[in-house]
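I opened the notebook to record what I looked up today.

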Amino acid sequence: MVNYKELGLVNTKEMFAKAVAGGYAIPAFNFNNMEQLQAIIMAAAETKSPVILQVSKGARNYANQTLLRYMAEGAVEYAKELGWENPQIVLHLDHGDSFETCKSCVDMGFSSVMIDASSKPFEENIAITKQVVEYAHQHGVTVEAELGVLAGVEDEVAAEESHYTKPEEVIEFATRTGCDSLAISIGTSHGAYKFKPEQCTLDPQTGRLVPPPLAFDVLHEVEAKLPGFPIVLHGSSSVPQDEVDTINKFGGKLEAAVGIPEEQLREASKSAVCKINIDSDSRLAMTAAIRKTMAENPAEFDPRKYLTPARESMKKLYIHKIVNVLGSDGKAL
Ligand SMILES: [Zn+2]
């Protein structure tokens with residue numbers, strides 16, 4: 001049993017309160033390997049932005065939960081080496097599927113966990129979330145819960161269709177569970193294929209698909225019901241078209257990949273939305289850089305030679321998100 005404080009991590013309590021009051025959002029970036037983690041920490045240290053390192057079920061299967069925990073501990077020390085005196089780093093379980101999974105993460109030093117029982121009936125979601133909250137809070141660990149269902153695929157999380165969060169349910173849910181933040185469904189979606197082409201309109205100038213707008217009316221209703229309560233957006237990659245083009249130019253085959261426009265995320269950041277999850281964009285940046293480097297240097301076989309530009313590209317992306325989309329730069333001096 002190790003407490004996150006011993007690892008130099010922080011929970012989300014104060015971070016979210018400041019973000020809601022300050023009209024910005026904290027980036028939650030998923031990590032699965034060293035290069036991704038290095039890029040995240042370099043970007044956060046350079047911009048002095050608080051950051052949430054997210055570990056999904058897929059990441060735990062791929063890289064091992066214990067190893068990822070030690071990598072996050074190393075990340076705190078690495079951040080200090082980079083000159084970030086007081087790194088504000090959260091280690092967060094993304095989409096915890098059961099009390100047991102959440103408990104094991106709390107016990108091994110995670111500072112925040114998500115229990116996602118959103119696919120269960122309302123009362124069951126409340127019961128499971130409450131159980132996680134009671135355990136996590138004994139150890140100072142903050143809990144994110146989810147109400148409403150997102151469409152799309154994110155590792156093991158798949159839903160055929162999305163159901164917007166019902167604003168009338170949020171007060172009861174937050175009060176009865178005691179959760180610290182709430183992921184809601186307002187039209188964001190997991191993965192790089194967030195919308196079917198028939199859901200989109202065509203921009204005649206660029207020939208690109210334009211996705212349907214986020215349901216800001218639902219967000220504002222939720223905000224009105226629970227003033228100041230931290231809201232989380234999942235599935236908020238924007239799927240940069242230049243990365244998609246690079247991937248396709250160098251042998252990839254991504255068709256009709258569509259994300260959430262950054263202007264809408266910037267607008268959401270100014271509201272009670274205080275955590276925005278971005279995963280696919282980093283995957284796209286990494287894949288584009290690797291494909292390009294390999295295509296242009298076919299004799300290269302040293303992974304460091306194609307992972308260095310991939311890491312640089314991810315770092316650039318993370319800095320762009322922090323500074324231009326979420327506005328969290330300079331908030332963890
Ligand atoms: Zn998610």
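Entry 1: I started at Val55, which stands opposite Leu93 in β3. I kept in mind that this is a predicted model. Next I checked a second pair, and Ile52 faces Val90 in β3. I then looked up the pairing as a whole. Strand β2 (residues 51-55) and strand β3 (residues 89-96) run parallel and are joined by five bridges.

I turned to the other neighbour. Three bridges link β3 to strand β4 (residues 112-115), again in parallel. Here His92 has Ser112 in β4 as its bridge partner. With helix α5 (residues 99-107), the two strands make a right-handed β-α-β unit.

Is β3 enclosed or open? I checked burial: eight of the eight residues of β3 are buried, so the strand is largely enclosed by the rest of the structure.

**Entry 2: the barrel.** I wanted the strand order. Eight strands close into a barrel, in the order β1-β2-β3-β4-β5-β8-β12-β13, with parallel pairing. From one strand to the next, the twist averages 25°.

**Entry 3: helices across the strands.** I looked up α1 first. It lies across β1, β3, β5 (142-147), β8 (181-184) and β13, and runs at about 110° to β13. I then took α12, which lies across β1 and β13 and runs at about 150° to β1.

**Entry 4: helix α12.** I noted its extent. Helix α12 (residues 303-326) has 24 residues and reaches 32 Å from its first C-alpha to its last, close to the 34 Å expected. I listed some of its buried residues, among them Tyr306, Arg311, Met314, Leu317, Tyr318 and Ile322. Lys315 and Lys321 are also on the buried list. What do the buried residues of α12 pack against? I found β1 (26-30), α2 (34-47), α10 (262-269), β13 (273-278) and α11 (280-296). I also checked the residue just after α12: Gly327 takes a positive phi of about 70°.

**Entry 5: Leu7.** I went back to the start of the chain. Leu7 is found in the segment before α1 (13-22). Is Leu7 buried or exposed? I counted it as buried, because it has 22 C-beta neighbours inside 10 Å and the cut-off is 20 or more. Leaving aside neighbours within four places in sequence, I found Leu7 in contact with Val2, Glu73, Val76 and Gly109. Last, I looked up a distance. The C-alpha atoms of Leu7 and Pro197 are separated by 45 Å, and the two residues are 190 apart along the chain.

Notes. Residues numbered from 1 in each chain as written. Predicted model: local features only at pLDDT ≥ 70, side-chain atom pairs only at ≥ 80, totals over all residues. Helix = DSSP H or I, 4+ residues; strand = E, 2+ residues; numbered from the N terminus. Buried ≥ 20, exposed ≤ 12 C-beta atoms within 10 Å, placed from the backbone. Contact = placed C-beta atoms within 7 Å. Expected span 1.5 Å × (residues − 1). Pairing = 2+ DSSP bridges. Axes fitted to C-alpha atoms, helices over the stretch in contact; angles between N-to-C directions. Right-handed = clockwise from strand over helix to strand, strands pointing away.
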